[in-house]
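Colleague: I want to understand the terms used for pockets and contacts. Please set each one against its definition.

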Amino acid sequence: MTNLFDISGKVAIVTGGANGLGRMITEGLVTAGARVYFTSRKEADCRATEAELAGSGDFRGIAADLSTPEGVVAFARTYLESEDKLDILINNAGRTWGAPIESFPDKAWTQVMAVNVQAPFTLVRELLPALRKAASAENPARVINIGSIAGAAAEKLSAYSYASSKAAIHHLSKVLAADLAADNITVNALVPGYFPTSMTSHIRAEDEKLTGLLERVPLGRMGTAADMVGTCIFLSSRAGAYVTGVNLSVDGGMLGCR
Ligand SMILES: NC(=O)c1ccc[n+]([C@@H]2O[C@H](COP(=O)([O-])OP(=O)(O)OC[C@H]3O[C@@H](n4cnc5c(N)ncnc54)[C@H](OP(=O)(O)O)[C@@H]3O)[C@@H](O)[C@H]2O)c1
């Protein structure tokens with residue numbers, strides 16, 4: 001019972017791992033001793049993150065656009081040139097689109113669903129042999145999909161396709177968990193509340209909006225890197241090996257305390 005949260009030596013992928021929440025997760029897993037492959041659409045962001053993490057562990061940035069199935073497949077192939085197994089897949093990359101209902105464009109559906117739902121599915125499909133190879137009954141391979149409170153409650157964000165995509169990834173996580181349990185692969189969704197990234201900059205930019213938000217958070221603050229990394233490490237380690245098909249809220253009580 002001494003190494004329940006040990007993930008050292010595991011191999012992980014964090015999509016969108018150069019910026020925002022993904023960057024927090026990348027750094028957390030690297031510091032905990034995992035070998036982490038992270039993606040960004042921008043080569044420069046891959047290199048910048050590598051430079052910032054230099055000396056802290058084992059990692060590599062791979063430039064990848066996950067908005068098309070071809071881009072997802074290309075990234076999976078690049079990964080498989082270096083590794084034949086995968087212990088932890090964190091589908092974090094995501095995009096949002098906010099607009100008034102009257103002018104909400106059709107393309108905001110296809111583009112958001114492609115990155116937030118289809119890409120995680122395609123990546124699981126393409127990396128299934130590597131996940132299976134890493135998996136055992138005592139130490140399953142782990143898939144963690146980053147969902148959102150917006151997919152579990154009606155947040156007033158005018159982000160219609162985003163909220164729907166996050167509800168979809170919550171449910172897809174359960175469907176995949178049921179399918180892949182026999183392969184010793186766990187699949188869970190982490191459901192963040194509000195964290196300080198570019199996705200929430202429009203809220204944090206206005207005192208009134210921020211105060212209004214914090215009044216709705218039972219624990220009274222936004223999430224931090226430690227909150228996100230801690231739950232990822234839990235789900236990736238021995239401690240979380242018996243947890244699958246769960247939508248785990250990391251939101252200061254916004255969903256759980258209702
Ligand atoms: N911040 C919050 O409060 C919050 C709350 C609930 C859920 N979330 C979820 O957390 C995840 C990370 O969001 P964030 O808050 O960190 O926002 P963010 O700073 O805007 O980051 C979005 C991430 O997704 C990646 N990405 C976007 N489109 C992509 C594409 N076509 N191909 C590959 N990667 C793409 C970005 O990569 P590059 O820009 O580097 O290419 C970036 O790393 C998302 O799934 C989001 O829905 C966030």
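Modeller: Start with volume. A volume here is the space filled by probe spheres set on the grid points. For the second largest pocket, that space is about 210 Å³. Keep in mind that this is a predicted model.

Colleague: What makes a residue part of the lining of the second largest pocket?

Modeller: A lining residue has an atom within 4 Å of a pocket point. Glu 155, Lys 156, Leu 157, Tyr 194, His 202, Ile 203, Lys 209, Leu 213 and Arg 216 line this pocket. Helices H6 and H7 (207–216) each give two or more residues to that lining. H7 gives the most, with 3 residues.

Colleague: How many residues of that lining are nonpolar, polar and charged?

Modeller: The classes hold 4 nonpolar, 1 polar and 4 charged residues. Tyr counts as nonpolar, while Lys, Glu and Arg count as charged.

Colleague: What is the volume of the largest pocket?

Modeller: The largest pocket has about 1,000 Å³. It is lined by 40 residues, and the closest to its centre are Gly 94, Arg 95, Thr 96, Ser 198 and Met 199. Two or more lining residues come from each of H1, strand S2 (35–40), H5 and helix H6 (201–204). H1 gives the most, with 3. By class, the lining has 17 nonpolar, 18 polar and 5 charged residues.

Colleague: Where does the ligand sit?

Modeller: The ligand sits in the largest pocket. To sit there, more than half of its atoms must lie within 2 Å of the pocket's grid points.

Colleague: Which residues come nearest to the ligand?

Modeller: Of the 28 residues around the ligand, Asn 19, Ser 40, Tyr 162, Phe 195 and Thr 197 come nearest. Helix H1 (20–31) and helix H5 (160–180) each supply at least two residues of this shell. The shell has 11 nonpolar, 13 polar and 4 charged residues.

Colleague: How much of the ligand does the protein bury?

Modeller: Taken alone, the ligand exposes 870 Å². The protein buries 93% of that.

How values were computed:
Residues numbered from 1 in each chain as written. Predicted model: local features only at pLDDT ≥ 70, side-chain atom pairs only at ≥ 80, totals over all residues. Heavy atoms only, no water. Near = heavy atom within 4 Å. Areas by Shrake-Rupley, 256 points an atom, 1.4 Å probe, with all protein chains shown as cover. 1 Å grid on protein atoms, 1.4 Å probe; cavity = no way out; pocket = protein on both sides within 12 Å on 5 of 7 lines; lining within 4 Å. Helix = DSSP H or I, 4+ residues; strand = E, 2+ residues; numbered from the N terminus.
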